[in-house]
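Colleague: I would like to learn how to read a few features of a structure. Can we take them one at a time?

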Amino acid sequence: MEPSELKRSKDSPNSDESTRRSSFPDEVLERVLSLLKSHRDRSSVSLVCKDWYNAERWSRTHVFIGNCYSVSPEIVARRFPKIRSVTLKGKPRFSDFNLVPENWGADIHAWLVVFAAKYPFLEELRLKRMAISDESLEFLAVSFPNFKALSLLSCDGFSTNGLAAIATHCKNLTELDIQENGIDDKGGSWLSCFPESFTSLEVLNFANLSSDINFDALERLVGRCKSMRVLKLNRSVSLEQLQRLLVNAPQLAELGTGSFSEELTFRQYVELESALSNCQNMHTLYGLWDAKGIYLPALYPVCTHLTFLNLSYAALRSDELAKLLAHCPRLKRLWVLDTVEDKGLEAVGLNCPLLEELRVFPADPFDEEIIHGVTEAGFVAVSFGCPRLHYVLYFCRQMTNAAVATIVQNCPDFTHFRLCIMNPGQPDYITNEPMDEAFGAVVKTCTKLQRLSVSGRLTDLTFEYIGRYAKNLETLSVAFAGSSDWGMQCVMGGCSKLRKLEIRDCPFGNAALLSGLEKYESMRSLWMSACNVTMNGCRLLAREMPRLNVEVMKEDGSDDSQADKVYVYRSIAGPRRDAPPSVLTL
Amino acid sequence: MSKPIEHDYIGLSEQQLPSMEKSSDKKDGLHLKDTELRLGLPGSESPEREDHDQNVLSLKSFVSGAKRGFSDALDGGGNWVFSGGSGGGTEGLFSPRRGGKNNGGKDLSGSDSGSVLKDGAAQKPSVVQEKKPQVAATSSHGNGNIAPASKAQVVGWPPIRSFRKNTLAAHPPKNDDGDGNAEAKLGSGCLYVKVSMDGAPYLRKVDLKIYGSYKDLSSALEKMFSCFTIGQCGSHGVSSGDGLTESRLIDLLHGSEYVLTYEDKDGDWMLVGDVPWEMFTDWCKRLRIMKSTEAIGLAPRAMEKCKNRT
């Protein structure tokens with residue numbers, strides 16, 4: 001529809017603006033463009049010509065900002081007057097792993113103040129890795145009368161008091177999605193703050209929180225929100241309570257159970273199974289905290305139409321997983337703990353031919369002594385059974401080059417290949433060779449690869465392969481790898497579509513850093529920590545590329561000349577003013 | 001006398017049993033502290049059990065209150081041999097049963113204890129499924145550029161989000177309460193329920209944890225109570241003593257005048273066999289071998305079977 005229209009109009013000569021204007025009024029253009037959803041398409045459209053730029057900015061209702069410091073809220077508000085939905089990402093991804101100092105920044109408040117003035121009809125706010133305080137949440141709750149959807153992922157700085165403010169004031173709320181945040185859990189009373197007249201909630205996710213909520217309040221809330229389609233409970237909700245909720249909400253499409261382990265009587269079990277079997281729309285299942293294998297059969301009625309099953313908080317054994325998966329033929333996405341072991345993964349390969357995404361998390365990532373988890377065999381088994389696999393996140397303790405070669409031969413369509421061999425710098429455990437050929441096979445075979453995380457013992461050869469073959473690569477994560485600057489130079493020179501590069505504990509120095517001089521402006525960001533980059537190298541980069549922000553985080557007691565952590569990103573807002581003392585902007 | 005083929009349920013290995021057969025005095029060989037009733041026939045047991053007439057006698061001796069160690073009962077022990085759990089990992093009461101699970105059971109700190117029977121951990125760590133020699137974490141680091149002293153000290157590695165880390169730390173993944181601790185397991189590792197049989201003068205107790213399936217339980221109960229039923233089901237008499245075959249057991253319990261029922265946690269009497277085994281072991285409070293004539297409301301299926309046979 002509209003893409004082909006656009007194509008025609010793009011193809012037509014656009015040098016004569018007056019002619020075009022008469023045949024293509026702004027209003028029509030705006031109307032057409034308003035149907036464009038992808039922010040990348042919109043960015044492309046805005047570059048065509050001035051008319052299109054204007055039409056696009058007037059018709060855009062959703063803005064996606066991948067790095068909150070790449071632009072300022074004032075600039076956004078000036079360009080896009082009609083925004084109703086904002087997605088904002090803040091800290092570098094390695095902040096998830098405690099590599100970024102606490103008070104680094106990415107505070108939402110300045111944005112909210114501008115939005116309150118310029119976008120009083122704001123409806124949606126989705127934040128990732130932002131700092132957000134209770135005061136900000138209260139401000140949000142009272143400033144936007146039409147506010148509908150709040151999603152917080154990997155954020156921190158707030159408590160359940162902030163959630164109480166949202167529940168109290170947002171009369172039109174449809175979505176409250178609190179995921180994996182550093183939240184100060186002061187108790188579950190926030191949930192009781194939803195007024196009795198409130199019925200609009202469609203998405204409620206409070207799995208992040210640990211304290212008990214008032215179950216009666218929850219039951220009433222779920223009962224009166226007839227449009228609720230996503231409900232993710234926290235661990236304090238029992239199986240029996242789950243059953244009571246489900247009886248009132250058979251329309252649920254996504255369910256995150258609470259604790260799945262208490263003692264049930266036979267009657268309670270039957271009632272739970274019956275309630276679940278009534279949920280004919282359910283396609284996603286989460287939670288299953290502490291799942292006891294014997295109760296899993298209650299899920300069978302739901303399993304037949306499940307497409308996403310997240311068992312990453314349920315330590316299932318291989319036999320328990322196998323029994324469950326036998327009932328899940330339509331599964332497309334599966335997250336598990338490595339307690340299922342290779343045998344469990346064999347069952348995945350046997351039962352889930354439609355699988356597209358697999359994530360295997362380690363149950364015991366920090367204990368070196370215990371020999372368990374998954375190995376290359378499990379991954380290979382999945383690859384044989386699931387040719388459509390294109391997204392994998394795999395934590396393991398051993399891998400071989402041959403196995404990876406087999407895997408990508410079976411599944412050449414990988415777009416996201418994230419392999420984490422948990423022991424840093426570990427070679428192929430059979431041949432003792434570096435894992436270069438494994439990742440070489442990945443980039444050679446998987447031409448659609450967008451995201452790659454490498455691990456194990458890797459020389460520069462890996463990066464030569466990446467630079468030469470990974471032409472669609474956008475995100476690359478590297479740790480404990482490489483031999484010299486040459487490795488990073490290959491990547492900077494070869495990966496034309498690279499947008500995000502994060503590196504830790506690698507022997508890349510100033511030459512490597514500076515080889516990307518031309519490139520960083522086309523990237524969102526670069527992170528390098530515990531590498532061989534010096535302050536001088538960073539200063540040089542900052543001097544040469546004024547439109548980049550070059551920030552160095554110094555650690556206590558480190559050498560003055562070393563740049564311990566470097567974060568480089570493009571910005572039209574100039575250097576930020578809210579950096580803490582430990583962050584130097586060069 | 002037959003040599004038992006299976007491991008008997010109290011965990012004697014096959015090597016031990018021949019010696020059992022030889023001696024009828026070995027009463028203490030098994031350390032059966034946990035069983036309350038000690039039953040056995042006077043004198044040698046098994047041959048008499050195979051003889052119908054003598055079973056009547058044995059009944060009398062039971063009535064007279066003679067109590068004997070199980071070792072007596074087991075002499076020559078073919079009839080008293082119970083098949084154990086269905087797979088590895090089942091934990092006999094009395095001695096560790098060998099058998100790591102082959103389906104991937106492992107000795108995770110905080111992970112599952114093993115078998116289908118939920119029987120708690122083995123008294124020694126369950127055998128770990130070792131596939132290939134694991135490259136030790138500290139060895140062959142290769143010439144990795146960074147060789148951290150220990151993984152725990154590397155900040156932010158492996159790359160796992162705090163929420164997941166904290167969640168797993170606070171509640172270590174495990175399937176059963178308690179893990180890896182043999183003492184803790186023993187306490188919770190048994191599930192004794194009383195078994196009564198209509199017409200029998202006394203009850204028995206069985207540990208549901210040591211059975212892996214309904215078949216196993218059925219065989220065990222059959223053997224346990226066969227002395228009471230032989231008189232009524234002469235046609236199903238014990239055969240040459242090679243151990244009771246499964247079909248005969250089922251005949252006796254299901255095809256004849258008795259059905260096996262249990263009382264669940266709600267206090268209802270249910271027919272054994274409807275729910276998955278694991279669930280049954282959780283719900284079952286006691287067992288009753290019921291005359292099928294009494295089981296009319298409970299088990300119409302059994303009634304039909306009974307009719308079919310007569």
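Predicted model: local features only at pLDDT ≥ 70, side-chain atom pairs only at ≥ 80, totals over all residues.

Colleague: Which elements of chain A each supply at least two residues of the lining of the second largest pocket?

Modeller: They are helix H4 (39-46), strand S1 (62-65) and helix H6 (73-79). H4(A) gives the largest share, 5 residues.

Colleague: How many nonpolar, polar and charged residues does that lining have?

Modeller: The lining of the second largest pocket has 11 nonpolar, 9 polar and 8 charged residues.

Colleague: Now a helix. How do I read its sides?

Modeller: General idea first. An α-helix has 3.6 residues a turn, so residues three or four places apart point the same way. Now the case: helix H3 of chain A, residues 26-33. Its buried residues are A:Leu29, A:Val32 and A:Leu33.

Colleague: Why do they count as being on the same side of H3(A)?

Modeller: Because they cover an arc of only 95° around the axis.

Colleague: Which exposed residues does the face turned away from the buried side carry?

Modeller: That face of H3(A) carries A:Glu27 and A:Arg31.

Colleague: Next, a single residue. Is A:Glu273 buried, exposed or partly exposed?

Modeller: Buried means under 20% relative accessible area, and exposed means over 50%. A:Glu273 has a relative accessible area of 27%, so it is partly exposed. This residue lies in helix H12 of chain A, residues 266-277.

Colleague: What does A:Glu273 touch, leaving out residues up to four places away in sequence?

Modeller: A:Glu273 touches A:Pro297, A:Ala298 and A:Pro301. Look also at A:Val302, 29 residues from A:Glu273 along the chain. The C-alpha atoms of these two residues are separated by 9.1 Å.

Colleague: Last, a whole chain. What do I look at in chain B?

Modeller: Take its elements, then its burial, contacts and surface. Chain B has 10 helices and 5 strands. Of its 310 residues, 50% are buried.

Colleague: What share of the chain B contacts with a separation of 6 or more comes from residues 24 or more positions apart?

Modeller: Such residues account for 66% of those contacts. As for surface, chain B exposes about 13800 Å². Carbon and sulfur atoms supply 52% of that area.

Definitions and conventions
Residues numbered from 1 in each chain as written. Chains lettered and ligands numbered in written order. Heavy atoms only, no water. Helix = DSSP H or I, 4+ residues; strand = E, 2+ residues; numbered from the N terminus. Nonpolar A, V, L, I, M, F, W, Y, C, P; charged D, E, K, R; others polar. Buried < 20%, exposed > 50% of the residue type's maximum accessible area, 1.4 Å probe, protein only. Contact = heavy atoms within 4.5 Å. Arc of directions from axis to C-beta. Areas by Shrake-Rupley, 256 points an atom, 1.4 Å probe, with all protein chains shown as cover.
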